[in-house]
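This report covers one protein model, from its surface to its strands, loops and backbone. The sequence and structure come first.

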Amino acid sequence: MRIATILLMASTAMAAMPAFAQEPAPAPSSTDAAAEGANIIVFGRGETRQVQEIKAQDIVTLTPGTNALKAIEKLPSVNFQSADPFGNYEWSQRVTIRSFNQSQLGFNFDGIPLGDMSYGNHNGLHITRAISSENIGSVRVSQGAGSIGTQATNALGGTVETFSADPADYLSGGALSGQGNLTYGSDETWRAFARLALGSRDGIRGYVSYGYGSTDKYKGQGTQDQHMGNAKVVIPVGDVTVDGWLSYSDRREQDYQDMSMSMIQRLGWNWDNTYPDYARAIDYASRLNDVDRISNSGGSPFPDGRYDYSGALVAGGQVYPGNVTSADDAYYDASGLRKDWLGAIGVSAPLGEHASFKLKGYYHNNKGMGLWATPYVPSPNGVPMSVRTTEYQMDRIGVFGSVDFALGIQNFTVGGWYENNKFNQARRFYAFASRTEPGLSFRDYPKNPFATQWEFDFTTDTIQYHVQDQIDFGMVKINLGWKGFKVTNEADAVVQATFPQGRIKAEDWFQPHAGFAVELSPEAEVFGGFTQATRAFASATTTGPFSTNQTGFDAIKNNLKPEESDTYELGLRYNTPVFNGVIGAYLVNFRNRLLAVQVGSSIQGNPSALQNVGNVRAVGVEAAGDLKLGGGFGLYASYSYTDATYRDDVVNGDGTLVAAIKGKTVVDSPKHIARGEINYEHEGAYGRIGVNYMSRRYYSYTNDASVPGRVIVDATVGYHFSPNLELQLNATNLLDKRYVGTIGSGGFGNSGDAQTLLVGAPSQFFVTLKAGF
């Protein structure tokens, strides 16, 4: 890999976004095609809100298999975090936009709702389990508020919409084409991808693909890998078009150890779980069980087979070896296992000369499990720890559609969405074989639990509709409309515990939207708008109102208000063949903010404390621009300033102060984010250097715990030997910066340091050979 390093360092004056011969160049969706030209980043000309779109040519310059969300981090106000170089590691992956966290953003794939894409998602799946990055046609980001027709009931802030490529984009050379990529790199990273497309560009067409990627952890030991299969078909039948999608994903990830700032200082940046050192894990767990007994239970099951997680500990006299201060400093191992099937069938057709309709049905099945070796519950055979799991099974079925019809200068849209989601979640414990042999692997689904702490069946029914009127006066465009929804969540205990069961609903039938775009000249336009949004409640024991106890749930179920936001934005776009850019400002008022605060370490699984932290106000400025310098060179830059603060202190029912957070900065909301990129493409050679700056981030609500700002440099260099043969080199964190990648992995606390950080990956280098026909 030294050769790759030298070439990448030598390319610091070069950068580019190549269009590999077999990669798609999707047609623009609702933006001005003439204004876009050959731009890789589209700044939403004609839209009445802040919108940008990343095309496939930008995604393919990243290391193959990289999360497409990592491509959008260059857009203003987008804060993307991950502990791995690909942005795929789900325990660490986070997206915030304009201070709204991931659970408050909307995510779609070809219109199919993905939920909030959080770890252990109760109502969707991560985009990297829905489609291989090589098959993505574009990713669209609406920073302030997405289209009111977006299938999402949690989008208080922006939306991220991913679109698969049309098979026609791979058939420019004939009725049959193929592509194969092979990647090798740091930490024994291997990725292979193959796609076969067939058909005709204007007739029946489709593609199938298979991808496999595997990488060793960059610290500690363990492997993260994934099998992924995709298939898409498009069938024109006269004026009617039918399309189908099917994907399968099998992902297995061994986790990194969650850290705190004190742990980093005591134990170093390279500290991790003890795996495969089973003896050391037994030693740490034995000391916990010998010294710090769990009150009332001592690790023994109650007669009904459940466990007490009061977490009250008795101090002991022994200490751990070295700089280790508790069993939470290093667990034996942890992992996330996920299997998903996702299928959809859609149809679109004209209805006479002035109307059309679209309809799509989808089905998603998920089986997943998060495993942790916990020292807080011994195995029944005397081993001082056990395997604690959170297990998931999901069946979602839904349908959405819309009717568009034109009437003079007006274009009306009426649409709706229905989904039924059955979600089972359970917490179980599995025994290690003995004190000398674990007897099980964290890369496989264990069997025969010795205890089930809790198990619940959740049923969520979602009904949403929207109405929109787009009025085109020529130089002035007006967008008016609203959406409404009703989401009913019901929890039924299979194995009862401290978590509640019952029914709760969120309902808001009128969430208005209004916007305008005024063309000042052929190059410039002003846009602005207002959007009101409501977020439905989460339906899982690990988040939302069901993460508290029965008493707490009964007290809030009839009067708990869902979170709401009002977003105002105003901006200017400017586009010429040389420069393409946007500048905007926004104000967001956020009401009824709900937070579930983790009690104790994450591994203990204590019920969360649901608290209302009042209101939040966010104001900000964001700008981005793409400049063509000539000679194959180009520049891109973006900057955003966000001032997001809590407007109220946290108090309990009797008025006692819980946390003095009024005026404090919202957690995980950096004030400054800046991106810079220089790129080059000429006569087959291309290159790119990107610089990513993010300022200080707080991970306590009182702002007494934070991680410093950081600058990360990534690079790409490559060469097209022919239209069908390409070599690409990638480097991530080129300058080998030591930094905290993810904050909030274990939630956020009111005050003080917490074990909720994940260290960012060091320098990584990759080489990819791409071939096609």
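## A nonpolar surface patch

L176, L196, L198, V208 and F773 together make up a nonpolar patch on the surface, with about 460 Å² of accessible area. Patches consist of residues with over 30% relative accessible area and no salt bridge; like charges are joined within 9 Å and nonpolar side chains (Val, Leu, Ile, Met, Phe, Trp, Tyr) within 5 Å. A salt bridge is a side-chain nitrogen of Lys or Arg within 4 Å of a carboxyl oxygen of Asp or Glu. Accessible areas come from the Shrake-Rupley method with a 1.4 Å probe, and for residues only the protein chains shown count as cover.

Buried means under 20% relative accessible area, exposed means over 50%, and partly exposed is in between (1.4 Å probe, protein chains only).

## Basis of the model

This is a predicted model, in which local features need pLDDT of at least 70 and side-chain atom pairs count only at pLDDT 80 or more, while totals for chains, interfaces and linings use all residues. Residues are numbered from 1 along each chain as its sequence is written, and side-chain values use heavy atoms, with hydrogens and water left out.

## Overall composition

The protein has 6 helices and 38 strands. Both are DSSP runs numbered from the N terminus: helices are H or I with at least four residues, strands are E with at least two. Of the 773 residues, 59% are buried. The accessible surface of the protein comes to about 28,000 Å², and 58% of this belongs to carbon and sulfur atoms.

Among contacts between residues at least 6 apart in sequence, 69% join residues at least 24 apart. Contact here means heavy atoms within 4.5 Å.

An open sheet of 6 strands has the order 1-2-7-8-5-6, with mixed pairing. Strand 1 (41–42) and strand 6 (112–113) stand at the edges; each has a single partner strand, so one side of each lacks a neighbour in the sheet. Two strands pair if DSSP finds at least two bridges between them.

Strand 2 and strand 7 (residues 136–142) run antiparallel and are joined by 5 bridges. In this pair, V51 stands opposite S142 of strand 7. K55 belongs to strand 2 (residues 51–55) and is buried, with a relative accessible area of 7%. The C-alpha atoms of K55 and A71 are 9.4 Å apart, and the two residues are separated by 16 residues along the chain.

## Other strand pairs

Strand 3 (residues 78–81) is joined to strand 4 (residues 94–97) by 4 bridges, and the two run antiparallel. V78 has I97 of strand 4 opposite. From strand 3, V78 and F80 point one way and N79 and Q81 the other way, and all are buried.

Strand 26 (residues 616–630) runs antiparallel to strand 23 (residues 579–591), with 12 bridges between them; V582 has A624 in strand 26 as its bridge partner. Strand 26 also runs antiparallel to strand 27 (residues 633–646), through 14 bridges, and A623 stands opposite Y639 there. The hairpin of strand 26 and strand 27 has 2 residues between the strands, and G631 takes a positive phi near 65° in it.

## A buried glutamate

Is E563 buried or exposed? E563 has 2% relative accessibility and so counts as buried. Its place is the loop between helix 6 (550–556) and strand 22 (564–575).

The side chains of E563 and R535 are joined by a polar contact of 2.8 Å. A polar contact is a pair of N or O atoms within 3.5 Å; within protein, one must be able to donate a hydrogen and the other to accept it, and residues adjacent in sequence count only if both atoms are side-chain atoms. The E563 side chain also reaches the backbone nitrogen of L594 at 2.6 Å. Leaving aside neighbours within four places in sequence, the contacts of E563 include Q104, L156, F590 and N592.

## Backbone exceptions

Most residues other than glycine have a negative phi, and most peptide bonds are trans. The peptide bond from Y275 to P276 is cis, with omega near 10°. P276 is in the loop between helix 4 (261–267) and helix 5 (278–291).

M117 has a positive phi near 60°. This residue sits in the loop between strand 6 and strand 7 and is buried, with a relative accessible area of 3%. For N703, phi is near 65°, again a positive value. N703 lies in the loop between strand 32 (697–698) and strand 33 (706–707), and at 16% relative accessibility N703 counts as buried.
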